[in-house]
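Let's take a walk through this protein chain together.

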Amino acid sequence: MFSRGRWGCQISDRGLEDISSAKCVSRANSLQHLNIGGTFITDASLFAIADNCPYLKSVILWSCRHVIADGILVLVSKCRRLESINIWGTRISVDCCIAMLTIRPPLDIKLGGLL
């Protein structure tokens, strides 16, 4: 589930699934801020977050190298309260950023070294 990497604890889709299904964890439908930067998640996790976190206001995905535009755009579309997204160090293109702003014009996109 967890492996140690240069950022410390690296979480995968499977790891997030295991955490979310633990008996001690309640539904995250009231979650507003999520930092999963530096993890090995893919779009599968973003789809689950988009479907289950309607109150999400900010998400940090810095250096999540396995997420692609599909997951990001679903997250931005379904999380209607999303105000901020940090995609620094990802492989998200400028075209995807434009699409995010088309979906949610006031979205604060933190790009870091992208442009």
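The mean pLDDT of the protein chain is 85, with 79% of its residues at 70 or more. The stretch to watch is residues 1-7, where the pLDDT is below 50. Beyond near neighbours in sequence, that stretch still has 16 contacts in the model. Where pLDDT is low, though, the predicted coordinates should not be read in detail.

Now for the layout. The protein chain has four helices and six strands. Reading from the N terminus, the elements go β-β-α-β-α-β-α-β-α-β. Of the 115 residues, 37% count as buried. If you take the contacts between residues at least 6 apart in sequence, 66% of them join residues at least 24 apart.

Next, find helix H2 (residues 43-52) and helix H3 (residues 69-78). Their axes come within 8 Å and cross at roughly 5°. Angles under 35 degrees count as roughly parallel, so H2 and H3 are roughly parallel to each other. Which residues in H2 and H3 meet? On the H2 side they are Asp43, Leu46, Phe47, Ile49, Ala50 and Asp51, and on the H3 side they are Asp70, Gly71, Ile72, Val74, Leu75 and Lys78. Sorted by type, the residues of this contact come out as seven nonpolar, one polar and four charged.

While you're at H2, look at Asn52, which also sits in this helix. Across to Lys78, Asn52 is 26 residues away in sequence and 9.4 Å away in space, C-alpha to C-alpha.

Over in H3, pick out Ala69. Ala69 is partly exposed too, with a relative accessible area of 28%. Setting aside residues up to four places away in sequence, Ala69 touches Ile92 and Cys96. Ala69 and Ala99 are 30 residues apart in sequence, yet their C-alpha atoms are 9.3 Å apart in space.

Thr39 is found in the loop between strand S3 (33-35) and H2. With a relative accessible area of 6%, Thr39 is buried. The side chain of Thr39 reaches the backbone oxygen of Ile36, at 2.7 Å.

Thr90 has its place in the loop between strand S5 (84-86) and helix H4 (94-103). At 10% relative accessibility, Thr90 counts as buried. What lies by the polar side-chain atoms of Thr90? The backbone oxygen of Ile87 is 2.7 Å from a polar atom of that side chain, and the backbone nitrogen of Ile92 is 3.4 Å from a polar atom of the Thr90 side chain. Leaving out neighbours within four places in sequence, Thr90 is in contact with Leu61, Ser63, Cys64 and Val67.

Conventions:
Residues are numbered from 1 along each chain as its sequence is written. This is a predicted model: local features need pLDDT of at least 70, side-chain atom pairs count only at pLDDT 80 or more; totals for chains, interfaces and linings use all residues. Side-chain values use heavy atoms; hydrogens and water are left out. pLDDT is the predictor's confidence in each residue, from 0 to 100. Contact means heavy atoms within 4.5 Å. Axes are lines fitted to C-alpha atoms, for helices over the stretch in contact, and angles run from 0 to 180 degrees between N-to-C directions. Helices (H or I, at least four residues) and strands (E, at least two) are DSSP runs, numbered from the N terminus. Angles under 35 degrees count as roughly parallel, over 145 as roughly antiparallel, 65 to 115 as roughly perpendicular and the rest as oblique. Ala, Val, Leu, Ile, Met, Phe, Trp, Tyr, Cys and Pro count as nonpolar, Asp, Glu, Lys and Arg as charged, and the others, Gly among them, as polar. Buried means under 20% relative accessible area, exposed over 50%, partly exposed in between (1.4 Å probe, protein chains only). A polar contact is a pair of N or O atoms within 3.5 Å; within protein, one must be able to donate a hydrogen and the other to accept it, and residues adjacent in sequence count only if both atoms are side-chain atoms.
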